[in-house]
Amino acid sequence: MNNKIIKSIIIGTISGSVLGGLLWLIEESTGEKVYTLLLNVDFIFKDKLLPIWLEWFFHLFISWVIVYIFLVIQSIWKALSIQLLFILCLSLIAASSYFPLTILAIKETPSITNIEAIFYWFVVHLLYGISVYWLVNRKVNKDK
């Protein structure tokens with residue numbers, strides 16, 4: 001299997017799990033349904049209740065794609081500052097999913113104007129981007 005795909009799955013799973021774990025902790029401690037929003041795919045499957053593992057798989061799949069894109073760009077742009085800026089932009093794009101996911105949601109999620117939930121969502125996605133950057137560059141530096 002392609003080395004970038006394997007790295008994407010490993011790093012995407014770790015970083016995606018950090019993101020999911022933090023949002024779960026926030027939801028448990030504050031009641032803001034940010035973890036529920038993360039796993040929100042109910043608007044795609046409308047009448048079907050999906051098992052949590054399948055919702056989690058969709059979340060990780062997106063993380064794998066983001067990491068794969070980052071790995072491709074990283075092999076082109078060698079400057080670490082450009083790489084960091086790029087992954088933070090990817091994280092911002094992912095964080096912007098808050099708005100369409102909230103609008104499309106069938107189950108209860110935070111409102112589109114819930115500043116506290118938006119803050120948690122964006123900060124945790126920023127941490128996701130930083131974790132991807134750190135894991136990719138940590139691994140790359142170990143390979144040298």
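Me: How do you know whether the radius of gyration of the protein agrees with that of a compact globule?

Reply: The model is predicted. For 144 residues, the rule for a compact globule gives a radius of gyration near 15 Å. The protein has 16 Å, so the value agrees with the rule. The C-alpha trace spans about 50 × 30 × 25 Å along its principal axes.

Me: Which elements make up the fold, and in what pattern?

Reply: The protein has seven helices and zero strands. Along the sequence this reads α-α-α-α-α-α-α.

Me: Why is I9 called partly exposed rather than buried or exposed?

Reply: Its relative accessible area is 34%. Buried requires under 20% and exposed over 50%. The value for I9 lies in between, therefore I9 is partly exposed. I9 belongs to helix α1, which covers residues 3-30. H59 is 50 residues away from I9 along the chain, and the two C-alpha atoms are separated by 12 Å.

Me: What makes T102 count as buried?

Reply: T102 has a relative accessibility of 11%. T102 sits in helix α6, residues 98-104. Leaving aside residues up to four places away in sequence, T102 touches L37, T109, P110, S111 and I112.

Me: How do you know whether the length of helix α5 agrees with its number of residues?

Reply: Helix α5 runs over residues 80-95, which is 16 residues. The expected span is 1.5 Å times one less than the number of residues. For α5 that comes to 22 Å, and the end C-alpha atoms are 22 Å apart, so the two agree.

Me: Which residues of α5 are buried?

Reply: They are Q83, F86, I87, L90, S91, A94 and A95. Each has under 20% relative accessible area, because that is the condition for the label. Over the protein, buried residues make up 44% of the 144 residues.

Me: What share of the contacts joins residues 24 or more positions apart?

Reply: Among contacts with a separation of 6 or more, such residues account for 69%. A contact here needs heavy atoms within 4.5 Å.

Me: What is the accessible surface of the protein, and how far apart are the mean positions of its charges?

Reply: The accessible surface comes to about 8200 Å², and 72% of it belongs to carbon and sulfur atoms. The protein has 11 positive and 9 negative charges, with mean positions 19 Å apart.

Definitions and conventions. Residues are numbered from 1 along each chain as its sequence is written. This is a predicted model: local features need pLDDT of at least 70, side-chain atom pairs count only at pLDDT 80 or more; totals for chains, interfaces and linings use all residues. Side-chain values use heavy atoms; hydrogens and water are left out. Helices (H or I, at least four residues) and strands (E, at least two) are DSSP runs, numbered from the N terminus. Buried means under 20% relative accessible area, exposed over 50%, partly exposed in between (1.4 Å probe, protein chains only). The radius of gyration is taken over C-alpha atoms; the globule rule is 2.2 Å times the number of residues to the power 0.38. Accessible areas come from the Shrake-Rupley method with a 1.4 Å probe; for residues, only the protein chains shown count as cover. Lys and Arg count as positive and Asp and Glu as negative; His and the chain ends are not counted. The place of a charge is taken as NZ of Lys, CZ of Arg, CG of Asp or CD of Glu.
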